[in-house]
Amino acid sequence: QVQLVESGGGLVQAGGSLRLSCAAFGTIFRINDMGWYRQAPGNQRELVAIIASDGTTVYADSLKGRFTISRDNAKKMLYLQTNSLKPEDTAVYYCYALVQTTIATKGRDYWGKGTLVTVSS
């Protein structure tokens with residue numbers, strides 16, 4: 001069993017900030033890539049940012065300079081610092097991780113249930 005649990009979402013005014021967290025639990029041998037995706041009503045799920053186990057990052061072009069992804073490998077935690085939030089950032093934010101559960105098995109994708117971020121104007 002592997003479980004990802006997001007937290008930190010909420011209601012903020014435009015221009016504000018939130019720090020989202022994701023904790024990984026369960027049978028985990030190694031976590032490879034981790035990331036954040038988001039989905040607004042009527043839209044498809046889209047990439048926010050990805051961070052590899054060595055710290056390499058990839059961001060959606062429109063979010064560069066406003067959002068920062070980070071991870072703590074020892075604590076099995078993932079974070080997303082969101083700054084200068086805009087109403088169009090309103091969405092459910094999902095945590096993603098590529099997890100190898102044992103030394104003898106291949107990695108597979110896991111997803112959290114999401115945390116809602118609402119940005120008002």
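This is a predicted model: local features need pLDDT of at least 70, side-chain atom pairs count only at pLDDT 80 or more; totals for chains, interfaces and linings use all residues.
1. **Ring pairs.** A pair of aromatic rings is described by the distance of the centres and the angle of the planes. The count here comes to 3 aromatic pairs. One of them joins Y37 and Y96, with ring centres 6.1 Å apart and planes at 80°. Planes over 60 degrees apart count as edge-to-face, so this pair is edge-to-face. Y37 sits in strand β4 (residues 30–39) and Y96 in strand β9 (residues 91–100). The pair therefore ties together parts that are 59 residues apart in sequence.

2. **Y37 and W111.** Y37 also pairs with W111. The centres are 5.0 Å apart and the planes make 65°, again edge-to-face. W111 belongs to strand β10 (residues 108–111), while Y37 is in β4, so this link spans 74 residues in sequence.

3. **The cluster.** Y37, Y96 and W111 make up one aromatic cluster. W111 has a relative accessible area of 37% and is partly exposed.

4. **Charges over rings.** Two arginine placements deserve a look in the viewer. R19 lies over the face of Y79, 4.1 Å from the ring centre. R45 lies over the face of Y94, at 3.7 Å from the ring centre.

5. **A buried aspartate.** D89 is in the loop between β8 (77–82) and β9. Its relative accessibility is 1%, so D89 counts as buried. Which side chain makes a polar contact with that of D89? The partner is R66, at 2.8 Å.

6. **Surroundings of D89.** Set aside the neighbours within four places in sequence, and D89 is in contact with R38, L63, R66, F67, S84, V117 and V119.

7. **Nonpolar core.** The largest nonpolar core holds 31 residues. Those with the most contacts inside this core are W36, V48, I69, L78, L80 and Y93. Elements giving two or more residues to the core are β1 (2–7), β3 (18–26), β4, β5 (46–51), β7 (67–72), β8, β9 and β11 (115–120). Which strand gives the most? β9 does, with 5 residues.

8. **Strand β9 in review.** The loop holding D89 lies between β8 and β9. β9 also makes the largest contribution to the core.

Key: Residues are numbered from 1 along each chain as its sequence is written. Side-chain values use heavy atoms; hydrogens and water are left out. Rings of Phe, Tyr and Trp (its six-membered ring) pair if their centres lie within 6.5 Å; planes under 30 degrees apart count as stacked, over 60 as edge-to-face and the rest as tilted. Helices (H or I, at least four residues) and strands (E, at least two) are DSSP runs, numbered from the N terminus. Buried means under 20% relative accessible area, exposed over 50%, partly exposed in between (1.4 Å probe, protein chains only). A charge sits over a ring if NZ of Lys or CZ of Arg is within 6 Å of the ring centre and within 35 degrees of the ring normal. A polar contact is a pair of N or O atoms within 3.5 Å; within protein, one must be able to donate a hydrogen and the other to accept it, and residues adjacent in sequence count only if both atoms are side-chain atoms. Contact means heavy atoms within 4.5 Å. A nonpolar core is a set of buried Ala, Val, Leu, Ile, Met, Phe, Trp, Tyr and Cys residues joined through side-chain atoms within 4.5 Å.
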